[in-house]
Amino acid sequence: MKWIVPFCLIAAPAFAENCPAVTDHSQRIAEIVDELGQARGEAEAQVLSNELWELWTDAPDEIAQAMLDEGMSRRSSYDFLGARNVLDRLVAYCPDYAEGYNQRAFVNFLSGNFDTALVDLDRTLALVPNHIAALSGKALTLMGLGRNAEAQVVLRSAVEMNPWLQERVLLDQPIGTDL
């Protein structure tokens with residue numbers, strides 16, 4: 001049994017047509033985003049953010065979950081090439097699963113491949129428009145590209161959804177003022 005998951009990781013692109021539909025968490029995500037806007041402090045916002053991560057990282061099946069987990073594990077251990085390879089297979093296997101793109105964007109961001117990260121962040125946001133982490137990641141990526149004015153607009157959108165977002169300290173001006 002132990003060999004099944006590694007085999008699935010290697011063979012996943014061959015089974016691309018078998019990726020099940022992504023679970024629709026959009027209603028709960030929207031509710032959490034609304035709750036984040038009303039959060040009374042960072043601790044409350046962190047609990048809600050953790051719930052968002054549980055939803056975002058809920059892969060469509062065991063094969064996709066194994067690939068996501070492996071990609072995130074490799075990223076955490078600074079194996080960016082290995083992480084990117086696994087996440088490439090994940091997005092080939094489940095092209096409608098936003099978190100595959102978001103995690104691959106994060107790996108590319110950490111590798112300094114900002115242009116490539118931006119493509120994946122845009123795909124993530126096309127699939128899940130209120131993905132606060134992808135918005136924040138896009139803002140940081142735009143900053144990495146020197147596109148600071150555009151980054152501020154994107155970051156402002158993320159902070160409006162989650163006023164307790166850690167990256168809020170990177171805003172040039174407080175919320176409620178014009179850029």
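Visitor: What does the secondary structure of the protein chain come to?

Guide: In this predicted model, the secondary structure of the protein chain comes to nine helices and zero strands, and read from the N terminus on, the elements run α-α-α-α-α-α-α-α-α. Of the 179 residues of the chain, 43% count as buried, and among the contacts with a separation of 6 or more, 54% are accounted for by residues 24 or more positions apart.

Visitor: Why are helix 4 and helix 6 called roughly parallel to each other?

Guide: Helix 4, residues 62-76, and helix 6, residues 98-110, have axes that come within 11 Å and cross at roughly 15°. Angles under 35 degrees count as roughly parallel, and helix 4 and helix 6 are therefore roughly parallel to each other. The contact is made by Leu-68, Met-72 and Arg-75 of helix 4 together with Glu-99, Gln-103, Phe-106, Val-107 and Leu-110 of helix 6, and these residues divide into five nonpolar, one polar and two charged.

Visitor: What makes helix 4 and helix 5 roughly antiparallel to each other?

Guide: Helix 4 and helix 5 pack at an angle of about 160°, with their axes 8 Å apart. An angle over 145 degrees counts as roughly antiparallel, and therefore that is the description that applies to helix 4 and helix 5. As for handedness, helix 4 passes helix 5 in a left-handed crossing, and helix 4 also passes helix 6 in a left-handed crossing.

Visitor: Which residues of helix 4 and helix 5 meet?

Guide: On the side of helix 4 they are Ile-63, Ala-64, Met-67, Leu-68, Glu-70, Gly-71, Arg-74 and Arg-75, and in helix 5 they are Phe-80, Gly-82, Ala-83, Val-86, Leu-87, Arg-89, Leu-90 and Tyr-93. By class, the contact of helix 4 with helix 5 has 10 nonpolar, two polar and four charged residues.

Visitor: How do you know that a disulfide joins Cys-19 to Cys-94?

Guide: The S to S distance of Cys-19 and Cys-94 is 2.0 Å, and a pair of cysteine sulfur atoms within 2.5 Å is what the word disulfide requires, so the pair qualifies as a disulfide. The structure holds one disulfide, and with 100° about the S-S bond, the link of Cys-19 and Cys-94 is right-handed.

Visitor: What makes Cys-19 and Cys-94 a link between distant parts of the chain?

Guide: Cys-19 is in the loop between helix 1 (4-11) and helix 2 (26-38), while Cys-94 is in the loop between helix 5 (80-93) and helix 6, and the two are 75 residues apart. Both Cys-19 and Cys-94 are buried.

Visitor: Why is Thr-141 called buried?

Guide: Thr-141 has a relative accessible area of 1%, and buried means under 20%, so Thr-141 counts as buried. Thr-141 lies in helix 8, residues 132-144, and, residues up to four places away in sequence not being counted, Thr-141 touches Phe-109, Phe-114, Ala-117, Leu-118 and Leu-121.

Visitor: How do you know whether Tyr-78 is buried or exposed?

Guide: The relative accessible area of Tyr-78 is 66%, and exposed means over 50%, so Tyr-78 is exposed. Tyr-78 lies in the loop between helix 4 and helix 5, and has a positive phi of about 65° although it is not a glycine. Most residues other than glycine have a negative phi.

Visitor: What makes Gly-37 partly exposed?

Guide: Gly-37, which lies in helix 2, has a relative accessible area of 35%, and this value falls between the 20% limit for buried and the 50% limit for exposed, so Gly-37 is partly exposed. Leaving aside neighbours within four places in sequence, Gly-37 is in contact with Met-161 and Pro-163. Gly-37 and Val-159 are 122 residues apart in sequence and 9.0 Å apart in space, C-alpha to C-alpha.

Definitions and conventions:
Residues numbered from 1 in each chain as written. Predicted model: local features only at pLDDT ≥ 70, side-chain atom pairs only at ≥ 80, totals over all residues. Heavy atoms only, no water. Axes fitted to C-alpha atoms, helices over the stretch in contact; angles between N-to-C directions. Helix = DSSP H or I, 4+ residues; strand = E, 2+ residues; numbered from the N terminus. Parallel < 35°, antiparallel > 145°, perpendicular 65-115°, else oblique. Left-handed = near helix turned anticlockwise from the far one by under 90°. Contact = heavy atoms within 4.5 Å. Nonpolar A, V, L, I, M, F, W, Y, C, P; charged D, E, K, R; others polar. Buried < 20%, exposed > 50% of the residue type's maximum accessible area, 1.4 Å probe, protein only.
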